[in-house]
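Thank you for asking me to look over this model. My comments follow as numbered points, to be read alongside the sequence and the coordinates.

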Amino acid sequence: TLTHPDPKGNRRAFSILNAKSDDNTIQIIVRMRESGYITTLFSLVPGDEVKIHGPFGHSFIIDQNSKNNIIMIAGGVGIAAFMPMIKTIRDKKYPIRCYLVYLNRSPEKT
């Protein structure tokens with residue numbers, strides 16, 4: 001239930017940023033907007049109950065023995081999908097280099 005009503009309802013799709021090593025937390029990326037949903041979301045405190053439906057989108061597995069580097073291309077908030085992968089590669093010290101290319105139509109949006 002939203003504590004601040006929103007005409008679009010009480011569900012949104014988010015990019016989850018967690019890597020396997022992130023226990024007991026869920027990290028997301030959102031665009032800051034003035035909406036009842038976002039206001040409710042940012043008024044949550046640790047321990048509040050939420051329902052999560054998912055997953056959506058796509059994923060792939062990183063081969064820790066690979067000698068191939070990875071090039072990731074993102075736009076908008078699309079960078080979020082790559083954050084868990086980058087974190088895992090860094091934390092586990094895989095011998096892979098990640099290149100993240102971020103594109104957007106305007107400098108303002110970037």
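**Notes on the predicted model**

1. The mean pLDDT of the protein chain is 78, and 87% of the residues score at least 70, where pLDDT is the predictor's confidence in each residue, on a scale from 0 to 100. This is a predicted model, in which local features need pLDDT of at least 70 and side-chain atom pairs count only at pLDDT 80 or more, while totals for chains, interfaces and linings use all residues. Residues are numbered from 1 along each chain as its sequence is written, and side-chain values use heavy atoms, with hydrogens and water left out. Where pLDDT is low, the predicted coordinates should not be read in detail.

2. The protein chain has two helices and four strands, and from the N terminus on the order of these elements is β-β-α-β-α-β. Helices (H or I, at least four residues) and strands (E, at least two) are DSSP runs, numbered from the N terminus. Of the contacts in the protein chain with a separation of 6 or more, 63% are between residues 24 or more positions apart, a contact being heavy atoms within 4.5 Å.

3. Of the 110 residues, 23% count as buried; here buried means under 20% relative accessible area, exposed over 50%, and partly exposed in between (1.4 Å probe, protein chains only). The accessible surface of the protein chain comes to about 9,100 Å², and carbon and sulfur atoms hold 54% of that surface. These areas come from the Shrake-Rupley method with a 1.4 Å probe, and for residues only the protein chains shown count as cover.

4. Strand 3 deserves a look in the viewer. Strand 3 runs parallel to strand 4 (residues 98-103), and six bridges join the two; strands are taken to pair if DSSP finds at least two bridges between them. Within this pairing, Ile-71 has Tyr-99 of strand 4 as its bridge partner.

5. Which residues does Gly-36 touch, not counting residues up to four places away in sequence? Gly-36, which is found in helix 1, touches His-4, Pro-5 and Asp-6 under that condition. The C-alpha atoms of Gly-36 and Asp-6 are separated by 4.5 Å, although the two residues are 30 apart along the chain. Gly-36 counts as buried because its relative accessibility is 11%.

6. Phe-42 also lies in helix 1, and, leaving aside neighbours within four places in sequence, Phe-42 is in contact with Val-30 and Met-32. Phe-42 and Met-32 are ten residues apart in sequence, with 10.0 Å from C-alpha to C-alpha.

7. The salt-bridge count comes to two, the rule being a side-chain nitrogen of Lys or Arg within 4 Å of a carboxyl oxygen of Asp or Glu. One joins Arg-12 to Asp-6, with the closest N and O atoms 3.1 Å apart; Arg-12 is partly exposed at 31% relative accessible area, while Asp-6 is buried at 12%. The side chains of Arg-90 and Asp-91 also meet in a salt bridge, at 3.0 Å from N to O, and here Arg-90 is exposed at 54%, with Asp-91 partly exposed at 36%. Side chains of opposite charge can pair when their charged atoms come close.

8. On the surface, Ile-16, Ile-26, Ile-28, Leu-44, Val-50 and Ile-52 form a nonpolar patch with about 510 Å² of accessible area together. Patches are made of residues with over 30% relative accessible area and no salt bridge, like charges being joined within 9 Å and nonpolar side chains (Val, Leu, Ile, Met, Phe, Trp, Tyr) within 5 Å. Val-50 is found in the loop between helix 1 (36-42) and strand 3 (70-75), and is partly exposed at 47%.

9. A last point concerns the backbone at Lys-93, which has a positive phi of about 55 degrees although it is not a glycine. Most residues other than glycine have a negative phi. Lys-93 is found in the loop between helix 2 (83-91) and strand 4, and counts as exposed because its relative accessibility is 71%.
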